[in-house]
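Visitor: Could you walk me through this structure? I am new to reading these models and would like to ask questions as we go.

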Amino acid sequence: MHILFAVGRVLLVLIFIFSGARKLLDLPGTTAMISGYVTVPDALSGFATQLQETIGLTVPQLLAILVGTIELVGGLLIAFNIATRGAAAVLALFTLLTIFYAHNFWSMAGDALQTNLIHAMKNLSIMGGLLTFAVLGSWRPTRSND
């Protein structure tokens, strides 16, 4: 049973590891994708301008780096059973935000609605697994004589 638990943990987070690595390896593409989903509210535009002038990166560029890092590092932490509870909680929240920003099926129609509804449901299922690991942490099953 120990091996199945480890395999299940790794399989659950493979999507984050590959997706995060892909996003970090293609920052211009990730930035373009994020620009289509997220806009800086007017109330924060002054702060965003200061941040951009200080760091030299736009808000979508910073978000692209942040998103890729969260996915890759969070996935690797869970895969290697390090800080599992925290990483699972962060990835669960990230996945919820992904549904809200990237798969907002409630504002779509036709094929887009169906496709994004399926992605949202997939993400909800992944969140279920992540919440399980947020509760279990680095728990390891005990041997039984079954």
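Guide: What follows is a conversation that goes from the whole chain to some of its single residues.

Visitor: Before we start, what kind of model is this?

Guide: This is a predicted model, in which local features need pLDDT of at least 70 and side-chain atom pairs count only at pLDDT 80 or more, while totals for chains, interfaces and linings use all residues. Residues are numbered from 1 along each chain as its sequence is written, and side-chain values use heavy atoms, with hydrogens and water left out.

Visitor: Okay, how many helices and strands does the protein chain have?

Guide: The protein chain has six helices and zero strands, where helices (H or I, at least four residues) and strands (E, at least two) are DSSP runs numbered from the N terminus. The C-alpha trace spans about 65 × 40 × 25 Å along its principal axes.

Visitor: And what share of the residues is buried?

Guide: Of the 146 residues in the protein chain, 30% are buried, and buried means under 20% relative accessible area, with exposed over 50% and partly exposed in between (1.4 Å probe, protein chains only).

Visitor: Let's look at α1. What span should helix α1 have?

Guide: Helix α1 covers residues 2-25, and at 1.5 Å a residue its 24 residues should span 34 Å, which agrees with its end C-alpha atoms being 34 Å apart; the expected span is 1.5 Å times one less than the number of residues. Helix α1 also bends by about 45° at Val13, the bend being the angle between axes fitted to the seven residues ending there and the seven starting there.

Visitor: What covers the buried residues of α1?

Guide: The buried residues of α1 include Phe5, Leu12, Phe16 and Lys23, and their cover includes α2 (27-37), α4 (59-79), α5 (84-102) and α6 (110-136).

Visitor: You mentioned Lys23. Which residue forms a salt bridge with it?

Guide: Lys23 pairs with Glu71, and the closest N and O atoms are 2.9 Å apart; a salt bridge is a side-chain nitrogen of Lys or Arg within 4 Å of a carboxyl oxygen of Asp or Glu. Glu71 lies in helix α4 and Lys23 in helix α1, so the pair ties together parts that are 48 residues apart in sequence. Both Glu71 and Lys23 are buried, and a search of the whole structure finds one salt bridge.

Visitor: Is Leu97 buried or partly exposed?

Guide: Leu97, whose place is in helix α5, is partly exposed, with a relative accessible area of 42%.

Visitor: What about Thr31, which residues is it in contact with?

Guide: Thr31 lies in helix α2 and counts as buried at 14% relative accessibility. Leaving aside neighbours within four places in sequence, Thr31 is in contact with Pro60, Gln61 and Ala64, contact meaning heavy atoms within 4.5 Å.

Visitor: Last one, where is Asn81 found?

Guide: Asn81 is found in the loop between α4 and α5, and its phi is near 60°, a positive value in a residue other than glycine. Asn81 is buried, with a relative accessible area of 12%. Ala83 has its place in the loop between α4 and α5 as well, with a positive phi of about 50° although Ala83 is not a glycine.
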